[in-house]
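Hello,

Here is the structure for your files. My notes on it follow below.

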Amino acid sequence: MTTTEAARPAAGATAGRTASPAPARRLPRIRTVLVAATAYLIAFVFLFPYVEMVLTALRPQEELLKASYLPSVFAWENFTAFWSGGLAGNLLVTLQVAAGSTVLVLLVALPAAYYTARHAFRGRMAFLVLVLITQMFQPTALLVGIYREFFQFGMVDSIWSLILVNGGFNLAFAVWILHAYFSSIPRELEEAAFIDGNGRFGALFRITLPLAAPGVVTALIFTFIAAWNEFVVALTLTTTPERQPLTVALNSFIGQYEVDWQNLFAGSVIATIPVIILFVLIERKVVGGLTAGSIK
Amino acid sequence: MQQQTSILKRVIRALGPLPWIGPAVVLIGVVVVWPVVTMIQSSFMKISRFGVSQGSNGLDNYTKLFDEPDFGGVMFRSLVWVVAVVTLTVLISLALAQLFNQRFPGRRIARWAMIAPWAASVLMTAIIFKWMLDPEVGLINMILHDLGLLDALGGADADPLGRASTAMPWLVAVAVFVSLPFTTYALLAGLATIPADVYEAARMDGASRLRTYWSITLPLLRPALTVATLINVMNVFNSFPIIWAMTHGQPGYSTATSTIFMYILKGTDIGESAAMSVVNFGMVIVLVAIFLRVSKWKTEVS
């Protein structure tokens, strides 16, 4: 009995936040070691291509086509060379499209999610089903239609068409996750602030929005990453090399041979590593938004 | 007079939600509904290479599509592609979820590492795999060579993406690789909803580990499993960047799925490409219908 008591705090401390000490105590030590070792190995496999990506980006140009596991020195100048190369302009396009889509999604999703969470009205169900259906659609299936539409509008090669399409296809995720947050905030809190003389909008901005902030941040980061990573629509809707986002520009690099390959890899590192880090921030909430209405 | 005001009131009340949900409806209309309509129209029209429509084409786009010598092969390959990728993804994810659900030091960090292929652009992941499979300097080829599994670098044997028989398994592997994180996370979320006392009861009854998994974990995991599977089917069916970056559907059309075929057709005949899109879209509709049936969206909405 005393040993169990003594072991408790220690087991709780190592196993972390949600640990219940009793099962951890019962777990044979050798098994924990095996489980941990397997998990670390798998974690390494998942990171492996991205480690190789970074290592390739750091190869000196003359070693790029040499069969060696590691570069002899790390050529950090590859990254400074990237900024002076032509791809920096494509990175700017990516940034504009991602930022524009994020702003558009928030402007459109916030009022819709708030209203459907607070009010029962005719057509509410139809609206939510429409949103759910668009979540299942992907631009790839509609590519020819999207191309024809923006061709008719004369909006091929325009950043605005990319912002619209990315915004439209990421709207569903934002509406669902914000809807869930707004529904979970008690109406009484808002009413109280209203009665205290804050006005309808004052109550909304001082009470409800701050409480829904985690949902807003999740929607914001998720949309930004999705638009940042988008490839197929941009490949279809942009034809001029300078107007293409980084993904499309990097892809067209592959077909050529007499180019600075390390520019390609420096570019892919810049396009990849920041979003992986951003994603870690919202990891806990994303599954709920993607499988909205399903796992409960 | 009174009646008039009440009608006016009713109209105002009916229009009340409009400022709030109107923008969302318009955006969905412009970006989702309009393209669907345009796409279906285009599939019945004759369209020049420069995108100018030259009137009705009847069903010619469809007959031309179905008469393509590669059409049957492409459709069959799409089916194999979806079944292979989703089956492997789900089976491996079940194992991974079980593993990452155990308690061990550093679990959070190990789970974070698994996020990388999910967060990164699928295109970037495909590009890096293509680079690792490079016949001359690819890391995977170098490792195979040093292990004695590959005779020499640079030859045809060192170019797995050059032949359909070896390219297809690699494409499937990369698709599984990028699908695992979401699926595993969805299953982990499902596992978290299973109350601990169920397992306690099973242990009291002296049920074996395997038996517990089969009779308790799997049945309780079913909702999460169903939804994760369907979302995967949808994603994999619409998958484009992996094949496009790694093989472009070549050699010939031997690694092309229906989305790749549609994109290649777009370069020569937009009408025929639209017909291919409509066929794809029909399948997407079926999948959405299945999703709406099995998911419990109603309970969440109300």
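Chain B is divided into domain 1, residues 1-42, and domain 2, residues 60-301. The C-alpha centres of these two domains of chain B lie 38 Å apart. Please keep in mind throughout that this is a predicted model.

Also in chain B, helix H6 covers residues 122-132. Because 9 of its 11 residues are buried, helix H6 of chain B is largely enclosed by the rest of the structure.

Next, the contact between the chains. On the chain A side 83 residues take part, and they are in contact with 82 residues of chain B. Helix H3 of chain A (residues 29-57) supplies the largest share of the chain A side, with 15 residues. By residue class, the side of chain A that touches chain B holds 56 nonpolar, 20 polar and 7 charged residues.

Finally, the annotation. An unreviewed UniProt entry lists residues 33-51, 91-115, 127-147, 159-182, 203-228 and 264-282 of chain A under "transmembrane region". I have figures for two of these spans. Residues 91-115 of chain A are 100% helix and 0% strand, with their end C-alpha atoms 36 Å apart. Residues 159-182 of chain A are likewise 100% helix and 0% strand, and here the end C-alpha atoms lie 32 Å apart.

Regards

Notes
Residues are numbered from 1 along each chain as its sequence is written. Chains are lettered from A and ligands numbered from 1 in the order in which they are written. This is a predicted model: local features need pLDDT of at least 70, side-chain atom pairs count only at pLDDT 80 or more; totals for chains, interfaces and linings use all residues. Two residues are in contact if their C-beta atoms, placed from the backbone, lie within 7 Å. Helices (H or I, at least four residues) and strands (E, at least two) are DSSP runs, numbered from the N terminus. Ala, Val, Leu, Ile, Met, Phe, Trp, Tyr, Cys and Pro count as nonpolar, Asp, Glu, Lys and Arg as charged, and the others, Gly among them, as polar. UniProt positions are given in the numbering used here, feature names are shortened, and annotations may be inferred rather than shown by experiment. A residue is buried if 20 or more other C-beta atoms lie within 10 Å of its own, exposed if 12 or fewer, and partly exposed in between; C-beta atoms are placed from the backbone. Domain bounds come from an automatic or database domain assignment.
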